[in-house]
Amino acid sequence: MRLIDRIVGRIGIRGSPAPLRARALAIAPLVAVAGWLVFEQPGFLIAAFLLPAVLAVGIYGSHRDTAAADTDNVTGLVRRDTLERSLDLALARARAEGLVTAALVVELDEFKSLQERFGRIGVDQLLDAVSRRFSSAVRGVDCWARLDGPTFGLALSPTTPLNDEDLARLAERLLAALTEPIRVSGVDLRPAISIGAARSDVTESETGASLLQGATLAQISAAKSGPGQLVQYSPVLRDRIAARYRFAEDLREALRTDRIVAVFQPQIALEDARLTGVEALARWRTSDQEIALPASFLPAAKESGLMPALGQRILEQALRALRTWDAQGLHVPTVAVNLSTTELSDPTLAARVVGALETEGLSPDRLTVEVLETVMTDGSDPRVSLNLARLADMGCLLDLDDFGTGSSSITTVRRLPIRRIKIDRTFVRDLDREPEQEPMLQAILTMADRLGLVTLAEGVETEAERSALARLGCAQMQGFLLTRPMMMEDMTTWLRTRPPSGEETVRDVG
């Protein structure tokens with residue numbers, strides 16, 4: 001067989017196995033006659049008939065191996081390269097005949113959780129069943145492929161007309177194909193999908209790969225919109241994605257050039273105006289010296305995977321500021337930093353926090369870690385709870401941020417050693433003018449008191465709000481009534497000049 005493979009390779013035979021086998025067998029009589037006339041040996045007659053047959057077997061086996069390499073072993077579908085070649089042919093035909101083709105990218109949602117739940121065997125079973133459902137929902141001339149993991153691609157055979165409505169109807173058929181549950185490891189599943197589509201007359205793609213890339217960009221956008229969504233590629237989508245990538249690159253440059261900076265907002269006790277700590281918040285000092293607020297860049301940081309780097313930068317700046325204030329005799333009990341879900345899921349988080357504290361020579365109880373209530377109630381990643389427990393065991397303080405905006409229960413609050421809950425601004429705003437606010441706030445304060453938790457009201461802006469909070473028994477506050485978040489230099493000035501106790505005055509410093 002090695003000799004056959006070498007012969008097949010040397011003569012460069014290409015094509016499908018059946019026609020090649022037929023051709024090889026067809027030339028057998030010609031070879032036999034030529035051999036008889038030239039060599040006049042009867043044995044050559046037999047060899048001449050056998051050689052083409054043996055070559056045909058070798059060619060068939062070679063093509064069979066090539067087909068196996070181009071086929072996904074779980075679903076039996078072709079792979080990406082074959083799909084791109086199909087799209088290349090479809091594009092060529094579409095251009096020649098004035099037709100339209102399209103590529104679709106379809107992805108199973110929540111694939112990671114499916115893997116954790118059912119393991120590889122169960123997931124392979126699901127992917128195989130999904131691929132068969134998809135294949136039944138399209139024409140036989142259309143080509144499905146498994147691209148990678150939970151992602152499938154479809155090349156539509158050129159046709160006319162083909163418009164947005166046609167693709168929407170196709171998406172509906174794909175969604176309908178998954179209506180009936182799929183049995184996986186004894187469990188009935190109805191997997192959710194997101195769909196991206198790109199038409200050749202919209203993308204003006206020159207290659208199958210670029211048409212598929214357009215569908216991929218649309219699918220990523222669809223996935224962000226929620227399960228069961230279809231997004232079709234358009235120049236507007238392309239421009240929006242390009243702008244988002246440029247913004248992410250600008251953010252990377254800002255991290256490289258130290259233009260992501262920490263600003264600080266003080267927190268005080270309502271009873272005696274004693275400073276209880278400061279919160280460190282991220283700001284982006286843009287190239288034109290404007291200061292961008294987190295709402296304008298945190299989504300891009302999350303999407304581009306920059307949250308860990310950004311969070312680490314703010315943590316290091318916050319602890320450095322605390323050490324500097326200590327050296328100047330300006331006592332700040334703790335500095336609070338916010339940690340995102342991405343950071344809390346990082347198995348190296350505790351080690352990184354320990355390293356930052358040791359670098360500045362600070363004890364863990366000088367650091368307060370703020371966690372959004374929605375992160376605590378999500379519960380989808382056990383590493384979050386594990387990391388928070390590790391930080392608490394180290395001695396770091398834990399705050400539950402934006403309390404009241406999620407669905408925390410007493411069980412959730414008591415699951416981890418939370419020291420303080422930060423009451424969201426929505427419960428504080430217009431407290432003096434909206435009587436219905438007071439019972440809700442009182443219920444939160446009562447629950448916190450029963451659980452031994454400190455309470456801090458966020459976003460306090462008026463003296464009336466502060467008075468009401470003090471009357472209801474809230475322990476601490478922060479907000480514009482004291483000051484806006486300040487750069488470190490301004491915070492240092494505020495610490496030096498603030499009265500040691502008594503009434504604070506509104507100070508707009510930055």
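Arg252 has a relative accessibility of 29% and therefore counts as partly exposed, a class lying between buried (under 20% relative accessible area) and exposed (over 50%), as found with a 1.4 Å probe on protein chains only. The model that contains this residue is predicted, so local features need pLDDT of at least 70 and side-chain atom pairs count only at pLDDT 80 or more, while totals for chains, interfaces and linings use all residues. Residues are numbered from 1 along each chain as its sequence is written, and side-chain values use heavy atoms, with hydrogens and water left out.

The side chain of Arg252 meets that of Glu249 in a salt bridge, at 3.6 Å from N to O; the term denotes a side-chain nitrogen of Lys or Arg within 4 Å of a carboxyl oxygen of Asp or Glu. Side chains of opposite charge can pair when their charged atoms come close. Glu249 is partly exposed as well, with a relative accessible area of 38%. Both residues belong to helix H10 (residues 235-256), where they stand 3 residues apart, about one turn of the helix. Helices (H or I, at least four residues) and strands (E, at least two) are DSSP runs numbered from the N terminus.

The structure holds 29 salt bridges. One of them joins the side chains of Asp164 and Arg199, at 2.4 Å from N to O. Asp164 lies in helix H7 (residues 164-177) and Arg199 in strand E6 (residues 193-199), so this pair ties together parts that are 35 residues apart in sequence. Asp164 is partly exposed, at 38% relative accessible area, whereas Arg199, at 11%, counts as buried. A further salt bridge brings together Arg183 and Asp188, at 2.9 Å from N to O; Asp188 is partly exposed, with a relative accessible area of 44%.

Attention may now turn to the largest pocket, which has a volume of about 1100 Å³. Its lining consists of 38 residues, and Glu279, Leu281, Pro294, Asn338 and Asp401 lie nearest its centre. Among the elements that give two or more residues to this lining are strand E9 (275-285), helix H11 (294-303), strand E11 (335-338) and strand E13 (397-403). A pocket is an open set of points on a 1 Å grid over the protein atoms alone, where a 1.4 Å probe fits, with protein on both sides within 12 Å along at least five of seven lines; lining residues have an atom within 4 Å of a point.

Terms used: Points joined across faces, edges and corners; volume = space filled by probe spheres on them.
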